[in-house]
Amino acid sequence: MYQSWKAQLRVLTALTLREMQSQNTSLDYGYAWALLDVCISLAALTLLKVFIKALSPPGMPPILFLLTGMLPYLTFQATATAMEGAIVRNRRLLLIPGVTPLDLAFAKAMQIFCTYGVVFVVGAVGCSYFENAGLPRSIPLVIMIYFASWLMGVFYGLVTMPLSRVFPPAGKIIGVVWRFGLILSGVFFLITTFPEWTWPYLDWNPMLHIEELMRTYWFYTYQTPVGSFVYVSEWLAGLAILGLSVERYVRFRIPI
Amino acid sequence: MSVELYNITMKGEGGGQLLFDDLDLRIDVGERVGILGQSKSGKSTLLRLIAGVEPIYKGFIERSSSVSWPLPFADYLVASNTVATNIRFVSRLYGMDDDRFLRDVAEMAGINEFLNEELVSCPRFVRPQLTFALAMTVKFDIYLFDDNLIAGEKAFKDKATQLIQAMVPRQGFVLASSAVKDITANCDIFYILDKGHVARYEDAKDAEKHFKSLAQGAATEAPVKQEPREQAQEDYSSVLGI
C-alpha cells in the first residue's frame with residue numbers, strides 16, 4: 001500500500017514538473033510567462049475595482065485587500081477549469097503504464113497551486129511593504145484557507161470535467177457563471193458591504209466563506225459575521241465524494 | 001513472472017467489429033514472443049492491454065512483472081524541451097537516479113552532444129534512438145514493440161539488436177507485427193491473431209504457414225486456447241517496477 005502511494009506520488013511529481021517545464025516553452029524564460037500571466041490577470045481585476053469605484057473597508061490596505069480576495073478566487077477558478085484540458089492535451093501520456101487521467105488532472109492542479117502560490121507570496125510581501133502593512137493575523141490559517149480554495153477548485157473540477165466531455169459547450173456556460181461568481185464571492189467586497197437581509201441569499205456560496213475567512217485571518221480589523229470553516233469543510237468533503245464518484249463512473253464509459 | 005490475460009472480450013473503435021473474443025494469453029519473462037496479425041487485427045490494442053493502459057470491459061489481467069510502454073511510442077517527449085529535460089522526466093516517473101540515468105541513456109542512444117539541444121532541433125535519428133534507450137535503461141521485465149524492433153541509424157540498430165537478444169532470459173519482449181520475416185527472425189514463440197483469437201506456435205515454420213494461409217483467406221487451423229485461471233488482479237505497482 002505504502003509502495004503504491006509512493007509510486008503514485010512519484011508519478012505526480014514527475015508530471016507536475018513536466019507541466020511546469022512545458023509552459024510557454026516556445027518563448028524565452030518560458031515558465032516566467034506563466035507567472036506574468038497571473039500578474040496580468042490581477043492587474044486587470046485591480047483596474048476593474050478602480051472602474052467600479054468600490055472603496056476598501058477601513059483599516060485594510062486597498063491593494064492587499066484586493067490581493068487577498070483575488071488570489072484565492074483565481075486559484076480556485078484556474079484549477080477548476082484547467083483540469084479537463086490537461087487530460088485532453090496530454091492524453092497520449094496515458095500510454096505510459098501507471099499514468100492515469102487523474103494523475104494528469106492533479107499534476108495540472110499542482111502546477112497551478114505552485115504558480116499562483118508563488119504570485120501570492122511575492123505579491124503579499126510586496127504589497128505589505130508598499131502599503132506599510134504588518135504581518136497577517138495568523139499565517140497558518142491563511143495558508144490553510146488558501147489551500148482550501150485550491151482544493152475547492154480541484155474537487156469542483158472533478159465534478160465538471162465529465163460535463164465538458166459529454167457536452168462541450170458546458171465549458172462556455174461555466175465561464176459565464178465564473179463572472180457572476182467573481183462578484184458574488186466577495187472578491188471586491190466584504191459581506192458587510194451588503195444589507196444584512198441579503199446575507200442568507202449570499203452565504204450559501206462556499207467561495208464567499210473562503211474570501212471572508214481569508215480577510216478575517218489576514219486583517220486584525222475584520223471579523224467575518226458569516227464565514228465558517230466547518231461549512232467550507234463540508235463543501236470540500238461533499239465535492240470530493242461527488243467528484244471522485246463521477247470520475248470513477250465516467251472513466252471507462254466516456255472516452256477522453 | 002508473467003502477464004496473463006483471461007477471457008478478454010473487446011470491440012473495436014465505435015463498438016462495431018469484435019476485436020477480441022474471450023481471448024486468453026500468457027507472456028512469461030524471458031520469452032521472445034511474436035504476435036503476427038494482419039492490419040486492423042488488434043495487435044496494437046493487444047500490446048496496450050498487456051501494458052495495462054487500455055481499459056478492460058470484460059475479462060481480467062494478472063500482472064506480476066513490469067511492462068514497458070509500447071515502443072517506439074514517443075509522444076510523451078516534449079519537442080520544445082531539451083533532450084536532457086525529457087530524459088529527466090522519465091527518470092522521475094520511474095524513480096531512477098537522475099544523473100546516472102541521464103548518463104546511461106545518452107551513452108546508450110549515442111546522443112551525448114545533443115543533451116542540451118531542444119528535441120525539435122535535433123537530427124531525425126535522435127528521437128527513435130532516445131525512445132529506445134529510455135525504455136531500455138528503465139529495465140522493465142517485458143518490453144513491447146509495435147511494428148518493428150528498432151529504428152535509427154544502422155550502427156545503433158546493430159548495437160540495439162545485440163542488446164535485445166542479450167536480455168533474454170532475464171527479460172523478455174513481445175513484438176507485434178504483420179512482417180513475418182521480422183517475427184520469425186527475432187522470436188521463439190509465436191501467436192497468430194485472427195478474428196479475436198490467438199493461435200500459439202513454437203515452430204516458426206508452422207506459424208508462417210498459418211499466417212500465410214490467413215493472408216490467402218484459407219485459414220483452416222483452429223486457435224489453440226489456454227486454460228483460464230480463477231484469481232487475478234490489476235497491479236499497477238508492478239508496472240512501475242516497485
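1. Helix 4 and helix 5 of chain A are roughly antiparallel to each other. Angles over 145 degrees get that label, those under 35 count as roughly parallel, 65 to 115 as roughly perpendicular, and the rest as oblique. Helix 4 (residues 101–130) and helix 5 (residues 139–166) of chain A pack at about 150°, with their axes 11 Å apart. Axes are lines fitted to C-alpha atoms, for helices over the stretch in contact; angles run from 0 to 180 degrees between N-to-C directions. Helices (H or I, at least four residues) and strands (E, at least two) are DSSP runs, numbered from the N terminus.

2. This is a predicted model: local features need pLDDT of at least 70, side-chain atom pairs count only at pLDDT 80 or more, and totals for chains, interfaces and linings use all residues. Residues are numbered from 1 along each chain as its sequence is written, while chains are lettered from A and ligands numbered from 1 in the order in which they are written.

3. Helix 4 of chain A passes helix 5 of chain A in a right-handed crossing. Helix 4 of chain A contributes A:Ala105, A:Ala109, A:Phe113 and A:Phe120 to the contact, and helix 5 of chain A contributes A:Tyr146, A:Trp150, A:Val154, A:Gly157 and A:Met161. Contact means C-beta atoms, placed from the backbone, within 7 Å. By class, this contact has eight nonpolar, one polar and no charged residues. Ala, Val, Leu, Ile, Met, Phe, Trp, Tyr, Cys and Pro count as nonpolar; Asp, Glu, Lys and Arg as charged; the others, Gly among them, as polar.

4. Now helix 8 (residues 206–218) and helix 9 (residues 229–250) of chain A. They pack at about 140°, with their axes 9 Å apart. That makes helix 8 of chain A oblique to helix 9 of chain A. The crossing is left-handed. A:Pro206, A:His209, A:Ile210 and A:Leu213 of helix 8 meet A:Phe229, A:Tyr231, A:Val232 and A:Trp235 of helix 9. The contact divides into seven nonpolar, one polar and no charged residues.

5. A:Ala82 lies in helix 3 (residues 62–89) of chain A. A:Ala82 is partly exposed, with 18 other C-beta atoms within 10 Å. Buried takes 20 or more such atoms, exposed 12 or fewer, and partly exposed falls in between; C-beta atoms are placed from the backbone. Leaving aside neighbours within four places in sequence, A:Ala82 is in contact with A:Lys108 and A:Ile112.

6. The interface: 21 residues of chain A are in contact with 25 residues of chain B. The chain A side divides into 10 nonpolar, eight polar and three charged residues.

7. Chain B has eight helices and nine strands. Of its 242 residues, 44% count as buried. Among its contacts with a separation of 6 or more, 71% are between residues 24 or more positions apart.

8. One open sheet of chain B has six strands in the order 5-6-7-3-8-9, with mixed pairing. Its edge strands are strand 5 (67–71) and strand 9 (197–201) of chain B, each pairing on one side only. Strands pair if DSSP finds at least two bridges between them. Strand 3 (residues 32–37) of chain B is largely enclosed by the rest of the structure, because five of its six residues are buried. Five bridges join strand 3 to strand 7 (residues 172–177) of chain B, in parallel. Strand 3 and strand 8 (residues 189–194) of chain B also pair in the parallel sense over five bridges. B:Val33 has B:Val174 as its bridge partner in strand 7 and B:Ile189 in strand 8. Helix 7 (residues 204–215) of chain B lies across strand 3, strand 8 and strand 9, running at about 15° to strand 8.

9. Another open sheet of chain B has three strands in the order 2-1-4, with antiparallel pairing. The edge strands are strand 2 (18–28) and strand 4 (58–63) of chain B. The twist averages 10° from one strand to the next. Helix 1 (residues 43–51) of chain B packs on this sheet, touching strand 1, strand 2 and strand 4, and its direction makes about 130° with that of strand 1.

Methods
Contact = placed C-beta atoms within 7 Å. Left-handed = near helix turned anticlockwise from the far one by under 90°.
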